[in-house]
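User: I'd like to go over the ligand site. Can you put the structure up?
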Amino acid sequence: MKNYLSPSILSADFAHLGEDIRHAQNAGAQYLHYDVMDGLFVPSISFGMPVLRSVRKITDMVLDVHLMIEKPERYIDEFADCGADIITIHYEACGDLKGTLQRIRDRGIKAGVTIKPNTPNQVLADVLDQVDMILLMTVEPGFGGQSYIPSSTAKIQELRRMLEERGLQTDIEVDGGIKKDNLQMVLDAGANVIVAGSAIFAGDIEQNVRDFRKVMEA
Ligand code: DX5
Ligand code: ZN
């Protein structure tokens, strides 16, 4: 499977957001991870539609929108209109999971589903063939810069097995606490879309992306 790096702009410098994104793109990151937080599903509030619209204008990277919001079904059309290429919704936040995933696909973009660290993979059994990507949260959603939860590794392996048993080659994305030193481990476990925020946007962005890509393309 092909691996993709999805730098999370939650850790970018918003006074220079365009510049930070260009650095990530120049160094070869293919996706851009966009964390939307509503202060209800998670304690914090981040950014929403207007910023996404501006980001869409300056990049052709794949815009990977992670909705950490209650009742995401209310906002699918808005985020699609603003230029999302992938919309990922939380199992725990959505009243009509199947219907909402279908609405995302009906907009001609990719549909993702995500679960928090304490939610078992098995809750997704019914929707595995209805999604383009499954995002496993490897920290409690809400903030950048947290430490990877070690039990996530077994969860990635189990999910990859569940997909293989059904003959599916669905992308598995991991999000939270991914650094250069645990990257190989999550790839070996079966993840192929890698979110990294603080590990990419602190220090030399282009060098950080190149360091990640070296491991991901080996
Ligand atoms: C956390 C967000 C993440 C966050 C990851 O709720 O979903 O995307 O930006 O940040 P790091 O890589 O710093 O853990
Ligand atoms: Zn995220």
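Analyst: A residue counts as near a molecule if one of its heavy atoms lies within 4 Å of it. This is a predicted model, where local features need pLDDT of at least 70, side-chain atom pairs count only at pLDDT 80 or more, and totals for chains, interfaces and linings use all residues. Residues are numbered from 1 along each chain as its sequence is written, and side-chain values use heavy atoms, with hydrogens and water left out.

User: How many residues surround ligand 1, and which are the closest?
Analyst: Ligand 1 has 20 residues around it, and S8, D35, G142, D175 and S198 are the closest.

User: Which side chains put an N or O atom close to an oxygen atom of ligand 1?
Analyst: Taking a polar contact as a pair of N or O atoms within 3.5 Å, S198 has a side-chain N or O atom 2.6 Å from a ligand oxygen. For D175 the distance is 2.7 Å, and for S8 it is 2.8 Å.

User: How much of ligand 1 does the protein bury?
Analyst: The protein buries 100% of the 380 Å² that ligand 1 exposes when taken alone, by the Shrake-Rupley method with a 1.4 Å probe.

User: What lines the largest cavity?
Analyst: Its lining has 26 residues, with F143, G144, G145, D175 and G176 the closest to the centre; lining residues have an atom within 4 Å of a point.

Terms used: Chains lettered and ligands numbered in written order. Polar contact = N/O pair within 3.5 Å; in protein donor to acceptor, adjacent residues only side chain to side chain. 1 Å grid on protein atoms, 1.4 Å probe; cavity = no way out; pocket = protein on both sides within 12 Å on 5 of 7 lines; lining within 4 Å.
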